[in-house]
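Good morning, and thank you for joining this meeting. Please take a moment to look at the sequence and the model on the screen before we go through some of the local details.

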Amino acid sequence: MKKTIRDIDVEGKRVFVRVDYNVPINAELKIVDDTRITATLPTINYLIEHNAKIILCSHLGRPNGQVEPKLSLRPVLARLSQLLNKPVSFAEDILDKSTAEMVDKMQNGDVLMLENIRFYKQEEENDESFAKTLASLADIYVLEAFATAHRKHASTFGVAKLLPAVCGFLVEHELEIFDKVLNNPDHPFVAILGGAKVADKLPVIENLLDKVDTVLIGGGMAYTFIKAIGGNIGMSIIDNTKIDLAKEILDKAKEKNVKIMLPIDNLCAKEFSEDAETKLFSSGFIADDYQGMDIGPKTIKIYKAVIKKAKTIVWNGPVGVYEYEKFKRGTNKIAKYVAKSKAVSVIGGGDSIAAIQSLGVAKKVTHMSTGGGASLMLLQGKKLPCIELIEDQ
Ligand code: AMP
């Protein structure tokens, strides 16, 4: 396991904490959901209680290296200060000497927030001298932003190379849960994979073939598999460059005794739109002028039975076009069954998490990952570059 803030002496030290405060903010600059802020409180409070000087750094949105007042972290500053019940100071310009002066004046237990790190183009370029400036503000680096742990940016990677680096509690929890499901899962272990980008999900299936008992496939990615076994998919989404690999994976799964299950029926539409005419088709028999938009009722029933027996579940990606009311039934049903199950359940990806949240069952799943891309990389069996920089315990 990786070192955490518990494994390092933070007393009187300047601690640079890379958090993920990329929260949704509305047109009136009000925070719509503060989960990402509240999730960091245990780490910040631990550092306050242990007399550290805390420098918080985050990005917000995609300002592409430009100062965009609408993407200022000021609303986050106000909310954090409320939650901590103490003042948090704010450094407007990281490169201005006033920031270093503010840090010099910090007392133990003080908290300072830097302005949106992506206002600087050097951040995403992982500019060395920018990383050095960030590192000069601190003695210790804490990674608390799991969602950016796969990105080699100055504040996630560059600065972590220059300081003793440890994890915060959020990242520790993410790593523990992925370690449990990937290296020591209880069986039956069921992976549910959906979404449109089959190219992202095939490496996940390949990596999981030695670990899982069953893979339930839904969403747009299913049609590349159905095509691979000779089915007619009409106008459904397909990645023609991945048909051979999909076939190879199906063969490998057979050899390894892993069941890869494909939808047997599909709710289809004449156009990719909310009010398109819909019709159910059996898999492999979709009419030429229809496309698959959601898994059908027979598939839902079969998948329900598999999920019910699972002891470990990993779910990434919606099993239909979740954005449209007409095609969210499959994804909502899967969310309901996963929440009902007694299995250790780990959910990744925005749409799957949204489905769980919209049903109000978030508390019933074991873990909803805070990092879509980062969690996908772990499921693919890859290392996260920013985690690799953290010392082992
Ligand atoms: P991903 O980023 O690969 O997890 O893909 C998520 C997207 O997949 C969502 O925007 C869904 O609308 C889309 N999706 C799910 N099922 C289908 C489908 N049958 N056809 C096209 N897109 C789909």
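Let us begin with a question: is Asn-51 buried, partly exposed or exposed? The model before you is a predicted one, and in this model Asn-51 has a relative accessible area of 29%. As for its position, Asn-51 sits in the loop that runs between helix H2 (41-49) and strand E2 (53-57).

The backbone at this position also deserves attention. Most residues other than glycine have a negative phi, and most peptide bonds are trans. Asn-51 is not a glycine, yet its phi is positive, at about 60 degrees.

Asn-126 lies in the loop between helix H5 (121-124) and helix H6 (128-136). With a relative accessibility of 22%, Asn-126 counts as partly exposed.

I turn now to the peptide bonds. Which form does the bond from His-187 to Pro-188 take, cis or trans? That bond is cis, and its omega is near 0 degrees. Pro-188 belongs to the loop between helix H8 (169-183) and strand E7 (189-193).

The next topic is the cysteines. A disulfide is a covalent bond between the sulfur atoms of two cysteines. How many disulfides does the structure hold? The number is zero. Cys-57, for its part, is in no disulfide, and the cysteine sulfur nearest to it, that of Cys-386, is 12 Å away. Cys-386 is in no disulfide either; its nearest cysteine sulfur belongs to Cys-167, at 11 Å. A pair counts as a disulfide when the two sulfur atoms are within 2.5 Å. Cys-57 has a relative accessibility of 0% and therefore counts as buried. Cys-386 is buried as well, with a relative accessible area of 1%.

Finally, I would draw your attention to the surface. Where do Asp-93, Asp-96, Glu-101 and Asp-104 gather? These four residues form a patch of negative charge on the surface. One of them, Glu-101, is part of helix H4, which spans residues 97-104. Glu-101 has a relative accessible area of 39%, so it is classed as partly exposed.

That concludes the presentation, and I thank you for your attention.

Technical notes: Residues numbered from 1 in each chain as written. Predicted model: local features only at pLDDT ≥ 70, side-chain atom pairs only at ≥ 80, totals over all residues. Heavy atoms only, no water. Patch = residues over 30% accessible without salt bridge, like charges linked within 9 Å, V, L, I, M, F, W, Y side chains within 5 Å. Areas by Shrake-Rupley, 256 points an atom, 1.4 Å probe, with all protein chains shown as cover. Salt bridge = Lys/Arg side-chain N within 4 Å of Asp/Glu carboxyl O. Lys, Arg positive; Asp, Glu negative; His and termini not counted. Charge placed at Lys NZ, Arg CZ, Asp CG, Glu CD. Helix = DSSP H or I, 4+ residues; strand = E, 2+ residues; numbered from the N terminus. Buried < 20%, exposed > 50% of the residue type's maximum accessible area, 1.4 Å probe, protein only.
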